[in-house]
Amino acid sequence: MGSPSGFEFAVRGDDVVISHRGVTATVLRGARAQEFLAQAASGDAQLLMARVTGNYRRGNERTARRHPRNQN
């Protein structure tokens with residue numbers, strides 16, 4: 001699975017707006033916004049934004065669906 005890309009964030013007042021490829025994915029407010037900003041400053045912001053928006057589960061779902069263990 002490749003690394004996440006295409007995410008951007010903007011701080012608007014006390015809110016953090018996270019966009020993916022130009023489309024607003026989520027808005028963080030209050031404590032979650034402050035926690036996000038602290039983590040983004042010290043780590044991989046793209047991965048963090050993918051996890052916050054729920055857009056990080058990509059790549060192996062099709063393979064897992066075809067696995068014999070998952071067949072009925």
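Me: Which residue in β2 is the bridge partner of R12?
Reply: D15 is the bridge partner of R12. This is a predicted model, where local features need pLDDT of at least 70, side-chain atom pairs count only at pLDDT 80 or more, and totals for chains, interfaces and linings use all residues. Residues are numbered from 1 along each chain as its sequence is written, and side-chain values use heavy atoms, leaving out hydrogens and water.

Me: How do you know that β1 pairs with β2?
Reply: Pairing takes at least two bridges found by DSSP, and 6 bridges join β1 to β2 (residues 15–20), so the two strands count as paired and run antiparallel. Strands here are DSSP runs of E, at least two residues long, and helices are runs of H or I, at least four, numbered from the N terminus.

Me: What makes R21 count as exposed?
Reply: Exposed means over 50% relative accessible area, buried under 20%, and partly exposed in between (1.4 Å probe, protein chains only). R21 has 65% relative accessibility, so R21 counts as exposed. R21 is found in the loop between β2 and β3.

Me: Why is α1 called roughly antiparallel to α2?
Reply: The axes of α1 (residues 30–42) and α2 cross at roughly 150 degrees and come within 9 Å. Angles over 145 count as roughly antiparallel, under 35 as roughly parallel, 65 to 115 as roughly perpendicular and the rest as oblique, so α1 is roughly antiparallel to α2. Axes are lines fitted to C-alpha atoms, for helices over the stretch in contact, with angles from 0 to 180 degrees between N-to-C directions.
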